[in-house]
Every structure is written in structure tokens, then in C-alpha cells.
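Hello,

Here is the structure I promised to pass on to you. Have it open while you read, and my notes follow just below.

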Amino acid sequence: MLQKTVKQLAYFNSELKHIKAIEQYVESLFSKDSTGHDFYHMKRVARLAKIIAQKENADVFVCEAGALVHDIGDKKLFEHPEQAIEKMKHFFRSIKIEEYVIEQIFIAIKDISFRKQRVPETKEGKIIQDADRLDAIGAIGIARTFAYGGAANQLIYDPESNKNTTIHHFYEKLLLIKDQMNTNYAKQIAEERHQFMQLFLEKFYDEW
Ligand code: NI
């Protein structure tokens with residue numbers, strides 16, 4: 001009995017060490033980002049993914065680790081996406097994450113991008129996708145959207161035309177997100193964040 005507890009604790013410690021190491025790795029890659037995909041985006045998505053994983057009885061480590069690295073290899077953010085993914089695999093091996101866990105992480109993150117509009121095949125993938133999308137809405141989502149618009153030289157709003165303004169992005173993407181959640185718990189959070197964005201838009205037009 002005692003032996004079992006010690007063994008579980010040891011495993012827990014090694015997972016924690018892995019998470020810390022992955023955080024450092026991710027921080028080194030994203031510390032200079034100004035498009036809304038900085039290190040804190042990865043941290044927030046990881047925290048949300050962990051919470052949802054606990055509620056949904058999924059593999060918490062795969063969800064947290066996968067969420068931390070989910071934007072590595074994104075074509076928007078990396079000049080050499082394939083190389084970035086190979087390096088990440090090498091890094092996982094160097095800190096001795098088991099091969100089948102690495103595979104689970106890769107399966108979980110391969111389909112999460114919004115642009116691809118795919119539903120990931122595993123529960124862990126669905127959870128990371130939910131967590132990533134939740135970080136695109138609500139107060140944080142609003143802040144990130146304007147940061148991204150600035151980085152892309154967009155107007156905040158143009159009452160004459162709907163094209164390529166940051167406000168237009170709400171209708172193209174942000175307001176659609178609440179209906180694309182995979183898990184029930186994420187749906188609840190999304191509903192709240194959605195209402196806050198609607199309130200923001202009302203006030204925005206009011207002040208405009
Ligand atoms: Ni992301």
C-alpha cells in the first residue's frame with residue numbers, strides 16, 4: 001500500500017518536472033511574439049486544458065503538455081514549421097518522455113487549428129482545441145484580437161466597409177466559437193465569455 005503511494009508520488013513528480021521543462025522550452029520560443037501568441041497564451045491554454053481534462057476524466061498530462069506546445073509548427077508563426085516540430089520531438093525525447101506519450105501529444109495537437117476546421121480524434125485533442133478557442137474569446141480574446149490587428153496593420157473599425165478590420169474579425173470568428181466547443185464544461189465557459197463580447201460590442205458602437 002505504502003509502496004504504491006510512493007510510486008504514484010514519484011510518477012507525479014516526474015510529470016511535474018516534465019511540465020516545468022516544457023514550459024521553459026516554450027517560453028524560449030514564444031517570448032518575443034506580439035501577435036497574441038506569446039508564452040502567456042500557451043500558459044493560459046495549458047491551465048484551461050488541465051481544468052477541463054480533470055472535469056472530463058481525460059489524460060491530464062497529455063492535455064497540459066499538448067496545450068503548452070499546441071502552436072509549435074504553426075505556419076503563421078514559424079518560418080520552418082516542420083523543423084520546429086522535429087526539434088520539439090527531439091526535445092521531448094531528451095527529457096525522457098515516453099515514446100507512446102509523445103505520440104499521444106502529437107495526435108492530440110495535429111488537428112486543433114481553427115483554420116483547418118477539423119475535430120481532433122482523441123478526447124485530449126478535443127480538450128486542447130476547446131482550451132485554445134476559449135482563449136480566443138472573452139476579455140482575453142478581445143485583447144488578443146486587437147493586438148493581432150495592430151500587428152497586421154488593420155484598422156480598428158471602418159463604418160463604411162466590413163473588410164479586414166479588427167471589429168469585423170468578431171463576426172468572422174470570435175462570435176462563432178461558442179457553438180464549436182467539443183466538451184460540456186468548455187461550453188459553459190464559452191457561453192459566459194460570449195455574452196461579455198456581445199456587451200463589449202454594444203458599448204463599442206455606442207461610443208463610436
Ligand atoms: Ni493557440
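Let me start with a question: is Arg93 buried, partly exposed or exposed? Arg93 counts as partly exposed, at 43% relative accessibility. Here buried means under 20% relative accessible area, exposed means over 50%, and partly exposed is in between (1.4 Å probe, protein chains only).

Before going on, please keep in mind that this is a predicted model, in which local features need pLDDT of at least 70 and side-chain atom pairs count only at pLDDT 80 or more, while totals for chains, interfaces and linings use all residues. Residues are numbered from 1 along each chain as its sequence is written, and side-chain values use heavy atoms, with hydrogens and water left out.

Arg93 has a partner: its side chain meets that of Glu99 in a salt bridge (2.8 Å, N to O). The term stands for a side-chain nitrogen of Lys or Arg within 4 Å of a carboxyl oxygen of Asp or Glu. Glu99 is partly exposed, with a relative accessible area of 43%. The whole structure holds 9 salt bridges. Another one joins Asp111 to Lys110, with the closest N and O atoms 3.3 Å apart. Asp111 is buried at 7% relative accessibility, whereas Lys110 is partly exposed at 38%. These two belong to a network of salt bridges that links Lys110, Asp111, Arg118 and Glu121.

Now for the metal. The protein donors of the nickel ion are His41 (NE2), His70 (NE2), Asp71 (OD) and Asp132 (OD), at 2.2 to 2.4 Å from the ion. Donors are N, O and S atoms within 2.8 Å of the metal (3.2 Å for Na, K and Ca); water is not among the atoms, so sites may look incomplete. Along the chain, the donors are spaced as H-x28-H-D-x60-D. Both His70 and Asp71 are buried.

His41 is also buried, and belongs to helix 2, where the buried residues include Phe39, Met42 and Val45. Helices are DSSP runs (H or I, at least four residues), numbered from the N terminus. Helix 2 covers residues 39–55, which is 17 residues, and reaches 25 Å from its first C-alpha to its last, close to the 24 Å expected at 1.5 Å a residue. That expected span is 1.5 Å times one less than the number of residues. After helix 2 comes Asn57, whose phi is positive, near 55 degrees.

Enjoy exploring!

Best wishes

Conventions. Helix = DSSP H or I, 4+ residues; strand = E, 2+ residues; numbered from the N terminus.
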